[in-house]
Amino acid sequence: MYTRRRFLTSTAIAAAAGIGLAACRDPAQASQAEPTAAAPQLAGPLNTRPIPSTGEKIPVIGMGTSGSFEVGDTAGERDPLREVLKRFFAAGASLIDTAPTYGTAEDVLGALLAEQGLRPKAWIATKLSGVNGREAGLAQFNDTLRRLKTDKVELLQVHNLGDLKTQLALARELKAEGKVRYVGVTHYLERAQDELAAVVQAEKPDFLQINYSVVTRGAEKRVLPQAQDLGVAVLINRAFEDGKLFAQVKDKPLPAWAAEAGIASWAQAFLKFSLSHPAVTVVIPATGKPDRQSDNLGAGTGPDLTEAQRQSLIAALA
Ligand SMILES: NC(=O)c1ccc[n+]([C@@H]2O[C@H](COP(=O)([O-])OP(=O)(O)OC[C@H]3O[C@@H](n4cnc5c(N)ncnc54)[C@H](OP(=O)(O)O)[C@@H]3O)[C@@H](O)[C@H]2O)c1
């Protein structure tokens with residue numbers, strides 16, 4: 001199952017694109033192809049990967065909103081997030097993960113997308129979160145649409161497998177009504193991965209979301225190979241271990257092979273590690289800082305890591 005086809009494809013795309021900013025070549029993403037003054041200087045177009053259940057292609061770097069978008073309404077809090085979004089779309093990225101239980105994140109995201117007419121460029125993943133029963137789930141979803149200032153979302157996920165049967169049935173109902181394009185399930189802890197794997201096997205959702213980083217690789221055992229076998233798209237959360245990985249490499253130089261792998265920072269090394277598993281579709285790092293957003297987007301170009309490079313990173317963080 002561990003194929004390098006993706007490595008060869010992305011290398012060929014990067015070579016064909018040459019150096020300089022360009023956005024993804026997938027026609028579905030063509031509206032995101034306009035470079036702007038805020039565009040990060042990427043070494044090529046963002047790589048895309050297909051969502052197995054439809055074949056729709058999606059840029060490999062997405063973003064999270066937990067913490068980073070849980071802010072108030074002052075210019076000091078919102079201006080950096082405006083720039084974070086501007087750079088994200090300028091690079092051709094689209095997938096933004098949020099949840100109704102991330103404080104003000106849905107309100108802030110909805111407001112910032114609406115004020116600049118950015119909703120059509122966004123591929124929004126949100127959740128049914130912390131609710132019990134169909135009515136409560138439906139009320140939460142309708143509130144989510146209001147908060148995000150939209151009438152549908154691309155992905156609706158059952159958060160942390162909570163009230164799974166009822167909420168997944170509701171998500172599928174909303175999909176049938178056209179208010180949701182894909183359904184999924186999420187978790188963020190290794191100890192939940194056996195349960196997640198059983199759910200994925202039984203329910204075959206369009207997406208699963210799970211934690212996977214250079215130091216937390218439990219998903220490799222069962223969840224990731226299974227997603228690949230069943231054709232389930234995979235979002236990766238906590239690729240930076242909620243930021244803790246940076247302290248571990250504070251005084252460490254990048255590996256000698258970093259430049260040849262298109263890596264200019266530890267953030268890019270960590271994101272490329274998660275992306276170089278062939279089951280992974282998109283990684284969703286969270287930041288409220290524009291320069292870090294540009295840094296993270298830089299991991300979405302060029303080749304995947306080789307197995308030797310992956311092992312070298314594992315050893316560096318051991
Ligand atoms: N159960 C679930 O469904 C679940 C659970 C967890 C997470 N998630 C989703 O996954 C997303 C990502 O997970 P996460 O936010 O927990 O953790 P993460 O992406 O692993 O780490 C975020 C932390 O890394 C820092 N950071 C980001 N980019 C950086 C860079 N280039 N250089 C240095 N530091 C950087 C951020 O700080 P600054 O903001 O200060 O830059 C923040 O403290 C969440 O936002 C959420 O959308 C879902």
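Which side chains meet in a salt bridge of 3.4 Å, N to O? In this predicted model, the pair is Lys-179 and Glu-177. Lys-179 counts as partly exposed at 30% relative accessibility, and Glu-177 counts as partly exposed at 46%. Salt bridges with shared partners also join Asp-79, Arg-82 and Glu-115 into one network.

**Salt bridges**

A search of the whole structure finds 22 salt bridges. Side chains of opposite charge can pair when their charged atoms come close. Three of the pairs are listed here.

| Pair | N to O distance |
|---|---|
| Lys-179 and Glu-177 | 3.4 Å |
| Arg-147 and Glu-106 | 3.5 Å |
| Glu-203 and Arg-172 | 2.8 Å |

Arg-147 forms a salt bridge with Glu-106. This pair links distant parts of the chain, with Arg-147 in helix α4 (residues 134-148) and Glu-106 in helix α3 (residues 105-115), 41 residues apart. Arg-147 is buried because its relative accessible area, 10%, is under 20%. Glu-106 is buried too, with a relative accessible area of 0%.

The side chain of Glu-203 meets that of Arg-172 in a salt bridge. Here again distant parts of the chain are linked: Glu-203 belongs to helix α6 (residues 193-203) and Arg-172 to helix α5 (residues 164-176), and 31 residues separate them. Arg-172 is partly exposed, its relative accessible area being 31%.

**Ligand surroundings**

The ligand is surrounded by 30 residues, of which the closest are Asp-97, Asn-160, Thr-287, Lys-289 and Arg-292. By class, the shell holds nine nonpolar, 13 polar and eight charged residues. Helix α10 (residues 290-297) gives the most to this shell, with three residues.

Several polar atoms of the protein lie by the ligand. A polar side-chain atom of Tyr-102 is 3.5 Å from a ligand nitrogen. Ala-239 has a polar backbone atom 3.5 Å from an oxygen atom of the ligand, and a backbone N or O atom of Ala-286 lies 3.2 Å from a ligand oxygen. Taken alone, the ligand exposes 910 Å², and the protein buries 88% of that.

**Asp-97**

Asp-97, one of the closest residues to the ligand, lies in strand β4 (residues 95-97). Asp-97 is buried, with a relative accessible area of 3%. Its side chain makes a polar contact of 3.1 Å with the side chain of Gln-157. Leaving aside residues up to four places away in sequence, Asp-97 touches Met-63, Gly-64, Thr-65, Tyr-102, Ala-125, Lys-127, Gln-157, Gln-209 and Ile-284. Tyr-102, in this list, is also the residue with a polar side-chain atom 3.5 Å from a nitrogen of the ligand.

Terms used:
Residues are numbered from 1 along each chain as its sequence is written. This is a predicted model: local features need pLDDT of at least 70, side-chain atom pairs count only at pLDDT 80 or more; totals for chains, interfaces and linings use all residues. Side-chain values use heavy atoms; hydrogens and water are left out. A residue is near a molecule or strand if one of its heavy atoms lies within 4 Å of it. A polar contact is a pair of N or O atoms within 3.5 Å; within protein, one must be able to donate a hydrogen and the other to accept it, and residues adjacent in sequence count only if both atoms are side-chain atoms. Accessible areas come from the Shrake-Rupley method with a 1.4 Å probe; for residues, only the protein chains shown count as cover. Helices (H or I, at least four residues) and strands (E, at least two) are DSSP runs, numbered from the N terminus. Ala, Val, Leu, Ile, Met, Phe, Trp, Tyr, Cys and Pro count as nonpolar, Asp, Glu, Lys and Arg as charged, and the others, Gly among them, as polar. Buried means under 20% relative accessible area, exposed over 50%, partly exposed in between (1.4 Å probe, protein chains only). Contact means heavy atoms within 4.5 Å. A salt bridge is a side-chain nitrogen of Lys or Arg within 4 Å of a carboxyl oxygen of Asp or Glu.
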